[in-house]
Structure formats: C-alpha cells, structure tokens
Amino acid sequence: MGTTPTPPRTAQRSHEPPAPDRPTPAPTPAPPPAARRASRSRFSPRTRKTVLLLHVISSMTWLGLDIGLLMLSVTGFVTDDPVTRRAAYLSMNMIGDTLLVPASLLALATGILLGIGTAWGLVRYRWVLIKLVVTIVTATLTIFALRSGLHEAAAGVMADPPSAGEAGVGLLAAPLVSLTCYIAMTALSVFKPWGRTRWGRSPASSA
C-alpha cells in the first residue's frame, strides 16, 4: 500500500492571505511663503505685531495729515477772506510743527525696524528698497522744506498788511506731491512688485 504524499510547505503558505501593504506616508506640504518669512523673523510674534501696529498707525496718521494740509492749502490759496486765509495757514503751521514731523519720523523708524527684524530686509526686495528711498526723501522734504514754507506763510498772514507771498503756491504743491508719494508707497506695500534685488538673491540662484 502506497503512502499519500505530503504537500510541500510552499503550497500551504500559498493559501495564506498576503500581508497588507504599509501605507505610504503623505509628503509634508511646504509651508507657505508667509510662514517661512515669519519663521526667519528676528522679532518675536508679539514684537513684530507691535512694531507693525505702530507703523500702520503712524503711516495712516501721516496720510491723514497730508490730506488735511492739502485741503487747508487749497482753502488759503483760493479764498478772498483774509481771516479764512490766516486761519488756514496758521493751522497748517501748527500741524507741521506738532504732528507732521513726529508722524513721518515714526513711520520711517518703524518701517526700518520691520525691514531689519523680518525676512523682508531693507535691500532684498525692489519694492522695499524703493519704498525706503521714497520715505526718506519725503520725510526729509517734510522736515526741511515744507516746514520752512509753513513758517513763511504763517509769518506772512500775521504781518501788516497780511500776505502769504509766494509761499501760498508752494504750500499748494507740497502736500500734493507728498500725498502722491504716499499713495505710491501704499501701492508698493500692497502689490509688492518686481521681486528680489541682487542683494536678496541666494548664491545658487545668482550662479
């Protein structure tokens, strides 16, 4: 009598269920550019937000003062009432001495701090560099040129007989130029055009 052959072990293993495939881990998405810039910031989140808040407040104050000066200069230039002209130019002189200079300097200082303390830098991006140059020029003209015109106009309307002289034309143009520059700086902050400068390119990309 013959014996029944024993099936090979490989055949027994062939009936075993296949081992489940291990799931492939999903790739970790790269953080957005804003998150990467925030991670490279030299400021803590609270400090950065505080400086940014001061920059926004001082910038909006500067913009509001420019609009007010423009309206007062138009009023003083077109009116035939000496009392109205005197009030307009004296108000412009007071605003320029007590409010405009601190607001412009604070906006410039906080803007520089944001450039130094964050990944935007001061010269890494074209829009930041242009905005910095325009801010410095506008603040310098405000402090040294506009204020002298305001003092001249205020002295003119206080004289006997009152006369603003040629300062009235200058006071009409100065706030308009300053307001145009500020609108341009605001547009640069919103649209951020033109990319990096040669100082902001990495060695690999510049090679």
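Val74, Phe77, Val78 and Val169 make a nonpolar surface patch of about 340 Å². A patch here takes residues with over 30% relative accessible area and no salt bridge, joining nonpolar side chains (Val, Leu, Ile, Met, Phe, Trp, Tyr) within 5 Å and like charges within 9 Å. A salt bridge, in turn, is a side-chain nitrogen of Lys or Arg within 4 Å of a carboxyl oxygen of Asp or Glu. The areas come from the Shrake-Rupley method with a 1.4 Å probe, and for residues only the protein chains shown count as cover.

Keep in mind that this is a predicted model, where local features need pLDDT of at least 70, side-chain atom pairs count only at pLDDT 80 or more, and totals for chains, interfaces and linings use all residues. Residues are numbered from 1 along each chain as its sequence is written, and side-chain values use heavy atoms, with hydrogens and water left out.

Back to the patch: helix α3 (residues 45–78) gives the largest share, 3 residues. Helices are DSSP runs (H or I, at least four residues), numbered from the N terminus. Val74 sits in helix α3, and Val74 counts as partly exposed because its relative accessibility is 32%. The cut-offs are simple: buried is under 20% relative accessible area, exposed is over 50%, and partly exposed is in between (1.4 Å probe, protein chains only).

Now hop over to the loop between α6 (167–191) and α7 (203–206), where you'll find Lys192. Lys192 isn't a glycine, yet has a positive phi of about 50 degrees. At 36% relative accessibility, Lys192 counts as partly exposed. Trp194 is also in the loop between α6 and α7. This residue isn't a glycine either, and the phi of Trp194 is positive, at about 80 degrees. With 51% relative accessibility, Trp194 counts as exposed.

Key. Helix = DSSP H or I, 4+ residues; strand = E, 2+ residues; numbered from the N terminus.
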